[in-house]
There are 2 protein chains.
Amino acid sequence: MKWARVEQAGQVHFGQVRGARILLGDGDPIVGQWTAGVEVDLASVKLLVPVWPRTFYAAGFNYADHVIEQARIAGTKPNIPEKPDIGYRANNALIASGEAIVKPTDAGELFQYEGELVAVIGRTARHVSEAEALAYVFGYTIGNDVSERTWQNSDRTLWRAKNTDTFSPMGPWIETDVDLAALTTTVRLNGRQVISFKTNNMLFGVARYISAMSRYLTLYPGDVIWMGAEGDAENMVPGDVCEVEISGIGTLSNPVVAEG
Amino acid sequence: MKWARVEQAGQVHFGQVRGARILLGDGDPIVGQWTAGVEVDLASVKLLVPVWPRTFYAAGFNYADHVIEQARIAGTKPNIPEKPDIGYRANNALIASGEAIVKPTDAGELFQYEGELVAVIGRTARHVSEAEALAYVFGYTIGNDVSERTWQNSDRTLWRAKNTDTFSPMGPWIETDVDLAALTTTVRLNGRQVISFKTNNMLFGVARYISAMSRYLTLYPGDVIWMGAEGDAENMVPGDVCEVEISGIGTLSNPVVAEG
């Protein structure tokens with residue numbers, strides 16, 4: 001089932017996406033409290049960020065080719081992570097599918113997409129084994145971890161490189177019925193495929209991350225874990241449209257504009 | 001004025017602290033929507049984390065002596081930051097004054113406090129100059145950035161070292177009337193003073209951070225910025241009580257317990 005968070009007539013609703021229609025309702029399905037209302041055309045509502053996370057986790061380096069490529073850009077030796085050390089992103093940077101990624105005036109040429117699977121937590125998780133971890137996931141959505149590589153290498157933290165306003169497109173909705181092993185992530189720039197990879201070909205998978213994290217911290221319903229991106233990336237320039245598709249989930253699409 | 005967030009009879013309220021009493025009310029004073037209700041004894045209510053941040057920012061290395069001390073522990077050369085690169089912490093780790101800091105069973109000996117000033121944002125801030133930045137602050141509270149130094153040096157991120165559940169005591173309340181230049185931070189372990197320093201003796205002050213951050217990102221009412229800690233620290237062990245006092249604001253006090 002596909003759960004979208006949308007705005008209609010000034011009100012925010014979660015709704016079930018059914019092809020070109022959406023069944024709107026009241027309450028939050030992530031915590032199991034939702035009642036159905038009216039069905040309307042999907043095109044008649046505005047998609048919002050599908051969940052506002054309490055904490056926004058990001059796996060960072062989680063695919064081997066990506067680690068190697070980023071080391072090449074930084075002029076350092078590739079350092080493949082040996083354990084799942086989670087990182088963080090900031091809510092201010094979240095935008096919905098369809099909203100514009102704004103390239104700051106002083107951002108450099110290496111302004112790039114990263115197409116990522118996002119796990120949305122559905123149940124409070126603490127001390128969860130790897131075998132039971134996926135039962136704590138409500139569903140999956142898609143993220144684009146927009147990155148300015150010069151800042152990524154020059155700043156002490158990733159605050160500008162990955163957390164500038166609009167740098168975290170997430171959506172279009174949350175899919176609850178997902179076979180992780182079957183997923184393919186495809187990124188397109190202006191309709192042209194720039195990378196395609198097996199989504200689950202991660203150094204550490206969703207279950208491994210949830211289990212490791214929950215040893216030390218409590219995961220709450222609505223928390224999101226961005227699972228990292230594969231390979232290298234091309235540069236985005238204002239005027240481009242970047243799409244991240246994950247088979248069976250949907251397509252996250254965002255135009256790129258210059259800071260006004 | 002001191003604003004506390006408290007629980008009374010199962011309800012959450014913001015209230016104005018008046019000596020040993022508190023004037024409870026409804027609504028959120030941080031966004032300017034609060035109406036007064038009844039006054040009760042402060043001792044009759046439970047203090048909560050004074051604000052639940054949308055984004056939890058932390059300045060990390062922001063005092064010269066602390067940078068030098070942490071480099072000594074890590075066996076590296078001190079690297080004094082040359083610009084205010086903000087970092088992040090996670091909401092899961094927040095606890096109120098009076099709640100217990102839980103030391104995990106596998107945490108090492110270097111389990112330490114960091115007493116910090118916390119700025120609470122009161123108005124949406126974007127492209128704010130250093131001269132006008134402090135007008136965007138609602139008030140100030142106190143944080144204890146509990147840190148496991150072995151993890152801080154071994155992990156790729158600070159997720160375990162500084163974001164394990166209970167590692168972010170914050171409170172006891174927010175003080176709106178603060179003269180930054182006059183503040184002194186004092187940390188006590190079991191009543192014994194272990195460090196005392198001029199709070200505002202930072203590498204980059206509150207106004208500088210807000211101005212720099214707001215060039216790239218939007219700060220929202222309720223966001224918090226932890227401003228970093230000075231000097232070295234002693235180890236905490238279960239049974240200890242750690243207090244962080246900032247003159248004119250109050251005292252954040254938390255017992256340390258072993259993981260059960």
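Predicted model: local features only at pLDDT ≥ 70, side-chain atom pairs only at ≥ 80, totals over all residues.
Visitor: What makes the two copies, chain A and chain B, related as by a two-fold rotation axis?
Guide: Chain B can be laid on chain A by a turn of 180° with a shift of 0.0 Å along the axis, and the RMSD of that superposition is 0.0 Å. The two copies are thus related as by a two-fold rotation axis. In chain B, the C-alpha nearest this axis belongs to Tyr88(B), at 3.4 Å from it.

Visitor: How do you know through which surface the copies meet?
Guide: Of the interface residues of chain B, 100% are also interface residues in chain A, so the copies meet through the same surface. The contact takes 24 residues from chain B and 24 residues from chain A, where two residues are in contact if their C-beta atoms lie within 7 Å.

Visitor: Which elements of chain B supply the side that touches chain A?
Guide: Strand E7 (87–88) and helix H3 (159–163) of chain B each supply at least two residues of that side, and H3(B) gives the most, with 3 residues. Sorted by class, the side of chain B that touches chain A has 10 nonpolar, 8 polar and 6 charged residues.

Visitor: Where does the domain assignment place the two domains of chain A?
Guide: Domain 1 of chain A is given as 1–47 and domain 2 as 49–258, and their C-alpha centres lie 24 Å apart. In contact across the boundary are 9 residues of domain 1 of chain A and 19 residues of domain 2 of chain A. Strand E1 (residues 2–8) of chain A gives the most to the side of domain 1 that touches domain 2, namely 4 residues, and by class that side of domain 1 of chain A has 7 nonpolar, no polar and 2 charged residues.

Visitor: Why is helix H4 of chain A described as largely enclosed by the rest of the structure?
Guide: The reasoning starts from the cut-off, by which a residue is buried if 20 or more other C-beta atoms lie within 10 Å of its own. In helix H4 (residues 206–214) of chain A, 8 of the 9 residues are buried, so the helix is largely enclosed by the rest of the structure. The buried residues of H4(A) include Val206(A), Tyr209(A), Ile210(A) and Met213(A), and the buried residues of this helix pack against strand E11 (115–121), strand E12 (137–144) and strand E17 (224–226) of chain A.

Visitor: Why does Met202(B) count as buried?
Guide: Met202(B) has 20 C-beta neighbours inside 10 Å, and therefore counts as buried. The residue sits in the loop between E16 and helix H4 (206–214) of chain B. Once neighbours within four places in sequence are left aside, Met202(B) is in contact with Asn62(B), Tyr63(B), Met227(B) and Gly228(B). Met202(B) and Phe61(B), which are 141 residues apart in sequence, are 9.3 Å apart in space, C-alpha to C-alpha.

Visitor: What makes E9 and E16 of chain A the edge strands of their sheet?
Guide: The open sheet has 5 strands in the order E9-E19-E18-E15-E16 (chain A), and the pairing is mixed. Strand E9 (101–103) and strand E16 (192–198) of chain A each pair on one side only, and these are the edge strands. Neighbouring strands of this sheet are turned against each other by 20° on average, direction ignored.

Visitor: How do you know that strands E15 and E18 of chain A pair?
Guide: Two strands pair if there are at least two bridges between them. Strand E15 (residues 184–189) and strand E18 (residues 241–246) of chain A are joined over 5 bridges in the antiparallel sense, and in E18(A) the bridge partner of Arg188(A) is Glu243(A). In chain B, 3 bridges join E9(B) to strand E19 (residues 250–258), and these two strands run parallel; Val102(B) stands opposite Val257(B) in E19(B).

Visitor: Which residue takes a positive phi in the hairpin of E1(B) and E2(B)?
Guide: With 2 residues between the strands, this hairpin has Ala9(B) at a positive phi near 50°. Strand E1 (residues 2–8) and strand E2 (residues 11–18) of chain B run antiparallel and are joined by 7 bridges, and Ala4(B) has Gly15(B) as its bridge partner in E2(B). E2(B) and E3(B) also form a hairpin with 2 residues between them, and there Gly19(B) in the turn has a positive phi of about 65°.

Conventions
Residues numbered from 1 in each chain as written. Chains lettered and ligands numbered in written order. Least-squares fit on C-alpha atoms with pLDDT ≥ 70 in both. Domains from an automatic or database assignment. Nonpolar A, V, L, I, M, F, W, Y, C, P; charged D, E, K, R; others polar. Buried ≥ 20, exposed ≤ 12 C-beta atoms within 10 Å, placed from the backbone. Axes fitted to C-alpha atoms, helices over the stretch in contact; angles between N-to-C directions.
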